[in-house]
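Please examine the sequence and the three-dimensional structure shown below.

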Amino acid sequence: MEIELTLDSGCCEHVLDIVDVPGYANFIVESAGSRRGQHFVVGNCERVPNEGQVMLNMECEGIPLQSTFQVAEITRPLLSVGRVCDQGLDCIFRKDEALVCDPDGGVVCRFARAGGLYIARLKLKSPELFARQVR
């Protein structure tokens, strides 16, 4: 299974709609934002409620990745540049691609530019994989 992520410099959180990650619905947990009744303001200025958060197990270019995504009814999964950088990674934008690199400059993930957006297809791993690792 795969997930198509858009690297977004204007997004303050990683956000997705749970329909984009089959098998993960049972792993949504309450987040600080969902507890507060937080809403996300989307491109058309509509406010959509934060429904909680979910930890995704992904793989990009053979590298396993885990990230927490806020859950909201949006049209495409968004990967926050700010949150990526908070994890100690760098984002490099070029006219035809964006790279997410580790501190040594190694490429963790490539995003192809298509229609003005930077998009990558990552392997989506089983949610149970993470549940087993934290026990």
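Predicted model: local features only at pLDDT ≥ 70, side-chain atom pairs only at ≥ 80, totals over all residues.

A disulfide is a pair of cysteine sulfur atoms within 2.5 Å.

Consider cysteine 45. Its sulfur lies 15 Å from the closest cysteine sulfur, which belongs to cysteine 12, and this distance is too far for a bond. With a relative accessibility of 62%, cysteine 45 counts as exposed, because the term applies to residues over 50%. Cysteine 101 is likewise in no disulfide. For cysteine 101, the nearest cysteine sulfur is that of cysteine 91, at 8.4 Å. Cysteine 101 is buried, since its relative accessible area is 5% and the limit for a buried residue is under 20%.

How many disulfides does a search of the whole structure find? The search finds one. The disulfide is formed by cysteine 60 and cysteine 109, whose sulfur atoms are 2.3 Å apart. The torsion about their S-S bond is about 80 degrees, and the disulfide is therefore right-handed. Cysteine 60 is located in strand β5 (residues 53–60) and cysteine 109 in strand β10 (residues 107–114), so the pair ties together parts that are 49 residues apart in sequence. Both of these residues, cysteine 60 and cysteine 109, are buried.

The discussion now turns to aromatic rings. A pair of such rings is described by two quantities, the distance of the centres and the angle of the planes. The structure holds one aromatic pair. The ring centres of phenylalanine 93 and tyrosine 118 are 5.1 Å apart, and their planes meet at 75 degrees, so the pair is edge-to-face; the cut-off for this arrangement is an angle over 60 degrees. The pair links distant parts of the chain, for phenylalanine 93 is in strand β8 (residues 90–93) and tyrosine 118 is in strand β11 (residues 117–124), 25 residues apart.

Are the two partners buried or exposed? Phenylalanine 93 counts as partly exposed, at 38% relative accessibility, whereas tyrosine 118 is buried, with a relative accessible area of 11%.

Glutamate 97 is placed in strand β9 (residues 97–101) and is buried, with a relative accessible area of 19%.

Key:
Residues numbered from 1 in each chain as written. Heavy atoms only, no water. Phe/Tyr/Trp six-rings, centres within 6.5 Å; stacked < 30°, edge-to-face > 60°. Helix = DSSP H or I, 4+ residues; strand = E, 2+ residues; numbered from the N terminus. Buried < 20%, exposed > 50% of the residue type's maximum accessible area, 1.4 Å probe, protein only.
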